[in-house]
Amino acid sequence: MSGDRTDRILGVDQLTMRFGGIVAVNELSFDAGRRRITALIGPNGAGKTTVFNCITGFYKPTSGTIRLTHGAAEIALERLNDFRIAKQAKVARTFQNIRLFPGMTALENLMVAQHNMLMRASGLTLLGLIGAPSYRAAEKRAIDLASFWLRRIGLFERADDAAGNLPYGDQRRLEIARAMCTEPALLCLDEPAAGLNARESAALNELLLSIRAEEGTSILLIEHDMSVVMEISDHVVVMDYGVKIAEGTPQQVRDDPKVIAAYLGADEEEAIAVMESDT
Amino acid sequence: MSEPDKPHARRVLHFAFAFKKAALSAFVSLVLFSLMVGIRTEAGPTGQLIYWTRFDELAGLVAATFVGSLVIELVRQWLGPAGTSQLVPASVQNGIAFAGRLLPPALLIFTLLVPVIFYDQRYILDLAILVLTYVMLGWGLNVVVGLAGLLDLGYVAFYAVGAYSYALLATTFDLSFWVCLPLAGLLASLWGVMLGFPVLRLRGDYLAIVTLAFGEIIRLVIINWQSLTGGPNGIPSIPRPTLFGIPLDNSDDGLAARLGIEFSPTHRIVFLFYLILGLALLTNWVTIRLRRLPIGRAWEALREDEVACRALGINTTTTKLTAFATGAMFGGFAGAFFATRQGFISPESFTFQESALVLAIVVLGGMGSQLGVALAALAMIGGFELFRGLEQYRMLVFGLAMVLLMIWRPRGIIGHRAPTVYLKEAHVISSDLVKEGHG
């Protein structure tokens, strides 16, 4: 399935990331399919977040390539700066420890996400400063998009509350909505279900499936919560000690003895979760 | 010391603890005041040291500290851990909120009327001009420190660039104030960008130190580049501003002669007052507009979380540079005004103390709050004059007032943040949530 070039959005090839003498990621290759949910799993310290940071430009990979396919065009992500990856390549991400703007309202958080569109509409601030009608229309559209996402994550009523005042689960969803307001082609989620209870986690599954179905956004996610991974992923890549040890459908991965061994060696509970969770 | 989980234990007074605390405070004040108040030294006529002791004053101060500390601690224990919301009834709070909404327009109307009310009092008019200059500087620095969260300790550099730009352009090329003003702002913002570039990667204390150095560099260059700036002698006889070409002096084509009224030097003071008021209000208006534009929101987002900004595709480099440039531009305008008002500038006016004063105004006012900065400038500049009657205790009282203010309102006079956009209703955001920035 990795050979199918027309149907992939992200191709990671021979990615290596070294920190001094430590090899965090070693010659990792995998593809993420367009309009698919690809999960990256593995025990703690397997190098998942490092892969994410390479894809989203927060780290410069030591070697290897990361290609993003937009129609016919291919963008080499390893050559772009972090903010250009979000701006030009349309890759959005969330963080393992939520990084909202806590002192700004939920609505403002979603407005900041539309910065580049609004910046263009405001004529690099000058048109906005004199209150040009074209800018006002653009701002109206931005507020509409933000309202649309607030409704979708069930936070419309709390639009004017500070993001830092929202409950933890709401903050997680707001961060996903903020990433979606950049209108990304690829959404990278770093442990979106961490700290969520069973009900919130089920709501998250629904949200992610609806994002894939309605927006056509491809999703790449790191997750420890096996109920999320097994239920919604189309494709699972398993990492351990910086290398890929298995990949395939959730069913294939779950039955893979190497995966079970890696999880048993690292974290018993998670291994049991892998074996027992039924989709 | 008291158990917060047992409400009935709230009113048990721990006298021993209160005494210990008061004794400690008294000891600290003894150590501090024994040199500041206890002994007075002076150089004698032949250069020898003369000193005399003032132990009675010292004893009074230490006793006051002891009693004050004891009373405060006992009151605190008696009240229990209570916030203002529990202490102040709702009706009073609503009243305060209402007064708070009325305050800005009332303040503006009063400011507009100052030259009318105090027309005969030159001292008050001069003081008002000084306060307004610092209000403008505070609003300018607020863009950098309050909104973008970049700690700038060298803001006086841009003030100096503006002042010298105007002075040099006006004396060398004979350009009018109204031509020089935008040029001064432009040059200052250019220097803002030049400072911005090397410090883009710096954060926190490191950023503060480099900006501090930048302020000193500008001052030292001004002192040493004698051929251009006149060095320590400064630039004398800088042209006074004109009302669109009409000078405000005693000459035949002056404003007074043209209007057919008797000339008075107060006309120029009043004109300067409205000039700086106009400039300050322009700064305020632009800042308020910018806050509601994407660039302003990006500044505030940068203060809240820079990493998240980059993940959202915001170019943090240009965002920081625009903050520096915008703040510097307002500093440059204020500098040009300073030069035309004084008629003479020298490097002595642009020391680090000025930067520190403007920064204190921003911090005291509440970072990011326009009204807070204006009130803080009024308190810092006006209040300092108010204490003039206290003579040698002036600095002491002033310092005490600042310490008390920072204890009661650690995030400044107005610490909360107003949202820039809302769907239904704008709720103010508590200062606990708003970040101070990493700078």
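In this predicted model, the hairpin of β1(B) and β2(B) has five residues between its strands, and B:Gly47 takes a positive phi near 90° there. The two strands, β1 (residues 39–43) and β2 (residues 49–53) of chain B, pair in the antiparallel sense over five bridges. One of the bridge pairs puts B:Ala43 against B:Leu49 in β2(B). As for the overall layout of chain B, the chain is divided into domain 1 (7–80) and domain 2 (116–403), and the C-alpha centres of these two domains of chain B lie 39 Å apart.

Chain A also comes in two parts. Domain 1 of chain A is made of two stretches, 1–90 + 184–279, while domain 2 of chain A covers 99–183. Taken over C-alpha atoms, 27 Å separate the centres of domain 1 and domain 2 of chain A. On the domain 1 side of chain A, 21 residues are in contact with 14 residues of domain 2 of chain A. Between them, domain 1 and domain 2 of chain A bury about 1,400 Å², and carbon and sulfur atoms give 65% of that area. Three residues, A:Pro184, A:Leu207 and A:Glu215, supply 34% of the area that domain 1 of chain A buries against domain 2 of chain A, more than any other three residues.

A:Glu215 turns up again in the charged contacts: its side chain meets that of A:Arg152 in a salt bridge (2.5 Å, N to O). Across this interface of domain 1 and domain 2 of chain A, the rule finds two salt bridges, along with five residue pairs in polar contact. On the side of domain 1 of chain A that touches domain 2 of chain A, β7 and α8 (198–215) of chain A each supply at least two residues. The largest share of that side, eight residues, comes from α8(A).

Two open sheets of chain A can be followed strand by strand. One has four strands in the order β2-β1-β4-β5 (chain A), with antiparallel pairing. At its edges stand β2 (22–33) and β5 (73–76) of chain A, each with a single partner strand, so one side of each has no neighbour in the sheet. Neighbouring strands of this sheet are turned by 20° against each other on average, direction ignored. Going across the sheet, β1 (residues 8–19) of chain A pairs with β2(A) over eight bridges, with A:Val25 in β2(A) as the bridge partner of A:Met17. β1(A) also pairs with β4(A), over five bridges, and here A:Leu10 has A:Leu68 in β4(A) as its bridge partner. A:Leu68 in turn stands opposite A:Ile75 in β5(A), where β4(A) and β5(A) pair in the antiparallel sense over four bridges. These two strands, β4(A) and β5(A), form a hairpin with two residues between them, and A:Gly71 in the turn has a positive phi of about 60°.

The other sheet has six strands in the order β6-β7-β8-β3-β9-β10 (chain A), and its pairing is mixed. Here β6 and β10 (243–248) of chain A are the edge strands; each has a single partner strand, so one side of each is left without a neighbour in the sheet. In this sheet too, neighbouring strands are turned by 20° against each other on average, direction ignored. β3 (residues 37–41) and β8 (residues 218–222) of chain A run parallel and are joined by four bridges; A:Ile37 has A:Ile219 in β8(A) as its bridge partner.

Helix α1(A) packs on this six-stranded sheet, touching β3, β6, β7 (186–190), β8 and β9 (235–240) of chain A, and its direction makes about 145° with that of β8(A). Helix α1 (residues 48–55) of chain A also lies across β1, β2 and β4 (63–70) of chain A, running at about 115° to β1(A). Another helix, α7 (residues 168–180) of chain A, lies across β6 and β7 of chain A at about 155° to β7(A).

That leaves the contact between the chains. It takes 45 residues from chain A and 36 residues from chain B. The area buried between chain A and chain B is about 3,400 Å², of which carbon and sulfur atoms give 67%. In chain A, the residues that lose the most area to chain B are A:Phe83, A:Leu129 and A:Asp160, together 18% of what that side buries. The rule finds three salt bridges across the interface of chain A and chain B and nine residue pairs in polar contact. B:Arg417 forms a salt bridge with A:Glu108, the closest N and O atoms being 2.8 Å apart. Several elements of chain A each supply at least two residues of the side that touches chain B, among them α3 (106–113) and α6 (133–152).

Terms used: Residues are numbered from 1 along each chain as its sequence is written. Chains are lettered from A and ligands numbered from 1 in the order in which they are written. This is a predicted model: local features need pLDDT of at least 70, side-chain atom pairs count only at pLDDT 80 or more; totals for chains, interfaces and linings use all residues. Side-chain values use heavy atoms; hydrogens and water are left out. Two strands pair if DSSP finds at least two bridges between them. Axes are lines fitted to C-alpha atoms, for helices over the stretch in contact, and angles run from 0 to 180 degrees between N-to-C directions. Contact means heavy atoms within 4.5 Å. Domain bounds come from an automatic or database domain assignment. Buried area is the accessible area (1.4 Å probe) that two parts lose on being put together, summed over both. A salt bridge is a side-chain nitrogen of Lys or Arg within 4 Å of a carboxyl oxygen of Asp or Glu. A polar contact is a pair of N or O atoms within 3.5 Å; within protein, one must be able to donate a hydrogen and the other to accept it, and residues adjacent in sequence count only if both atoms are side-chain atoms.
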